[in-house]
Amino acid sequence: DKKFFGGSLHLLPQLKEAVSLPILRKDFILEEIQIRESYVWGADAVLLIARILSAPQLEKLLHTCRELGLGAVTEIHDRSDLEKALECGADLIGINNRNLDTFEVDLDTTKDLAPLVPPGHIVISESGIYNGRDIGMLRQSGVSAVLVGSSIMSSVDIRAKARELVCAGKAKHG
C-alpha cells in the first residue's frame, strides 16, 4: 500500500532480483485482478485478510491463487476468522496478534489460536514479535513461521536484529 506504508507493486521485481527468499505481497487484496497483477509482478504469495473478505470472496481469491501457483497467507485474528479461513480452504494461516479494531498487540492471540489449527496447515504468527524470546515462545505454540516488520525496521542495527530473529527460529528446543 503506497499511501499508508510507502510500498509499490513496482518494487516486487527489484526484491525478486535481490533475494532468493519468497516474496509476499502484503497489501489489502480485495479483487482477483490484484492477485493476477501480483503474479505478473513477481510475488510468490499474497496476504488475504479473512476479516475484510466475505466467505465467497475469500474462497474465490484462494482458488485464483491456487490456479496461478501463488501462496496465500490467510490472516486471522479470532476464532470466527479461523473458521471462515478453514471453511474456504486456506492452508497457510497467519495469526495477526494485532487487533485491527483497537491496534493492541498480544502474543497470546497466537498462543490461543494456533492449537485450534488442524494438522497439515502452516501457522504463521504476525505482529508484535520483537526478540528471540518471542520466537521461542511462539514455536512452543506450534508456529511454523513468523512475519516480522516493525522490530526490524525500528532497530538501530537491522542486521543484528535480523540475525537474532533468524537464529531464534533455527534454535532447537529441548
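1. Phe28 has a relative accessibility of 37% in this predicted model, and since buried would require under 20% and exposed over 50%, Phe28 therefore counts as partly exposed. The residue is placed in the loop that runs between strand E1 (24-25) and helix H3 (32-40). Together with Leu30 and Ile52, Phe28 makes a nonpolar surface patch of about 240 Å².

2. Lys111, which belongs to helix H6 (residues 108-113), is likewise to be read as partly exposed, because its relative accessible area is 38% and that value lies between the limits of 20% and 50%. When its neighbours within four places in sequence are left aside, Lys111 is in contact with Met137 and Ser141. Arg66, by comparison, stands 45 residues from Lys111 in sequence, and the C-alpha to C-alpha distance between Lys111 and Arg66 is 29 Å.

3. The interior deserves a separate comment. In soluble globular proteins, nonpolar side chains tend to be buried together. Here the largest nonpolar core has 32 residues, and Ile35, Leu48, Ile76 and Ile93 are those with the most contacts inside it. Two or more residues of this core are given by each of strand E2 (45-49), helix H4 (55-68), strand E3 (71-76), helix H5 (79-87), strand E4 (92-96), helix H7 (132-140) and helix H9 (158-170), and the largest share, five residues, comes from H4.

4. A second, separate core has five residues, among them Leu47, Ile49, Leu92 and Ile124.

5. As for the chain as a whole, nine helices and six strands are assigned, and the C-alpha trace spans about 40 × 35 × 30 Å along its principal axes. The radius of gyration is 16 Å, which agrees with the value near 16 Å that a compact globule would have with 174 residues. Among the contacts in the chain with a separation of 6 or more, 52% are accounted for by residues 24 or more positions apart.

Terms used:
Residues are numbered from 1 along each chain as its sequence is written. This is a predicted model: local features need pLDDT of at least 70, side-chain atom pairs count only at pLDDT 80 or more; totals for chains, interfaces and linings use all residues. Side-chain values use heavy atoms; hydrogens and water are left out. Patches are made of residues with over 30% relative accessible area and no salt bridge: like charges are joined within 9 Å, nonpolar side chains (Val, Leu, Ile, Met, Phe, Trp, Tyr) within 5 Å. Accessible areas come from the Shrake-Rupley method with a 1.4 Å probe; for residues, only the protein chains shown count as cover. A salt bridge is a side-chain nitrogen of Lys or Arg within 4 Å of a carboxyl oxygen of Asp or Glu. Helices (H or I, at least four residues) and strands (E, at least two) are DSSP runs, numbered from the N terminus. Buried means under 20% relative accessible area, exposed over 50%, partly exposed in between (1.4 Å probe, protein chains only). A nonpolar core is a set of buried Ala, Val, Leu, Ile, Met, Phe, Trp, Tyr and Cys residues joined through side-chain atoms within 4.5 Å. The radius of gyration is taken over C-alpha atoms; the globule rule is 2.2 Å times the number of residues to the power 0.38. Contact means heavy atoms within 4.5 Å.
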